[in-house]
Amino acid sequence: MTWTYDLSIPPTLNQQTIRTCLRSWLIPKRIQGQLRQTRRIQLNGQPTTIAKTVQTGDQLTLTFIPSDFRTPASNYLAVATNPVDILYQSTDLLVVNKAAGIKSHPNQPGETGSVLNDLAAALRPTQQAPYMVHRLDQMTSGAMLVALNPVVVPILDRLISEKQIRRTYYAWVRGHFATTTGQFTAPIGHDITDKRKRWVNTDDAQPALTDYEVRETTAHQSLVKLTLHTGRTHQLRVHLAASGHPIIGDPLYDSQAESAPRLMLHAQLLDLQLPFSTTRVLVPAPLPELFEQPRLIDRY
């Protein structure tokens, strides 16, 4: 199996070398080398070198093969257990609206019931398959990004790490904030008392940054909009709990979690930079019905 990309050189890459183009598209150096060594790069239909200069409108063809990738095949069992709600789809990726309570991906061989299993079943008639890019905790709902081929997996990983793909969440939390906007800056590491948990300012803590904005309040609770600038494990859950405002229903960080039917955390928006493109796409995931019932939430 091969994956072929026919790419038109945009004005932003006019008079640049093919090497510069490959770098700008965030193709890993290892794969750049394999494309070059096996002569799988063509310019306007002819074999070329990465030192060649291109012009706006030139057609660059890249052909990828399975040995280019550490995980060339998607091996999730194609078993449909839950309905799939696709918010956005292109030839390279899709965004699914994950429901709370469903795993993002299986953890054991032969396991089914996850979003990736459901997508594998839904995509099978199209000869496509899902590849994991980023996951949501099982009890978190909302927009989750999935790749549709191995070519874009490392590119999307880089776009996320370089903050060119941005994630916005909404959460109902306990209590009220002293200010309606602010930042959480405490570094996050492993909690030495519980291996399931993370906490702030631990010996192995790494930098973490979260913006918050209060969007609504009830007598006892607050709805906050949260923007991730880093991607530490449990980052939002830990930052809010450490601030004295745990997410309602959080089984690890909310001492009153049993009073709520779910973790009240929702991935509301993905701001995507599309691979091999200058195009950005905003993909919203509608708030769950429960999030819009403040009188009910105030009882949790």
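**View 1. Pairing of β2 and β3 in the predicted model.** Strands β2 and β3 pair in the antiparallel sense over 2 bridges, where two strands are said to pair if DSSP finds at least two bridges between them. Within this pairing, Leu43 stands opposite Gln46 in β3. Helices (H or I, at least four residues) and strands (E, at least two) are DSSP runs, numbered from the N terminus. This is a predicted model, in which local features need pLDDT of at least 70 and side-chain atom pairs count only at pLDDT 80 or more, whereas totals for chains, interfaces and linings use all residues. Residues are numbered from 1 along each chain as its sequence is written, and side-chain values use heavy atoms, with hydrogens and water left out.

**View 2. The open sheet that contains β2 and β3.** The order of the 4 strands in this open sheet is β1-β4-β2-β3, with antiparallel pairing. Because β1 (3-8) and β3 stand at the edges with a single partner strand each, one side of each is left without a neighbour in the sheet.

**View 3. Asn44 in the loop between β2 and β3.** Asn44 is placed in the loop between β2 and β3 (46-47), and has a positive phi of about 50° although it is not a glycine. Its relative accessibility is 44%, so Asn44 counts as partly exposed; buried means under 20% relative accessible area, exposed over 50%, and partly exposed in between (1.4 Å probe, protein chains only).

**View 4. Helix α2 and the residues that flank it.** In helix α2 (residues 29-37), the buried residues are Ile31, Gln32, Gly33 and Leu35. These buried residues of α2 pack against α1 (18-24), β2 (41-43) and β4 (59-64), contact meaning heavy atoms within 4.5 Å. Leu26 lies in the loop between α1 and α2, and, although Leu26 is not a glycine, its phi is positive, at about 65°. With 8% relative accessibility, Leu26 counts as buried. After α2 comes Arg39, whose phi is also positive, near 55°.

**View 5. Strand β8 and its partner strands.** Of the 7 residues of strand β8 (residues 141-147), 7 are buried, so β8 is largely enclosed by the rest of the structure. Strand β6 (residues 93-98) runs antiparallel to β8 and is joined to it by 6 bridges, with Gly142 in β8 as the bridge partner of Lys98. Strand β7 (residues 131-132) also pairs with β8 in the antiparallel sense, over 2 bridges, and here Tyr131 stands opposite Ala147 in β8. The pairing of β8 with strand β15 (residues 265-273), by contrast, is in the parallel sense, over 2 bridges, and Ser141 has His266 in β15 as its bridge partner.

**View 6. The chain as a setting for the close-ups.** The chain has 6 helices and 16 strands, and its C-alpha atoms fill a box of roughly 70 × 40 × 35 Å, taken along the principal axes. Buried residues make up 48% of the 300 residues in the chain. Among contacts between residues at least 6 apart in sequence, 66% join residues at least 24 apart.
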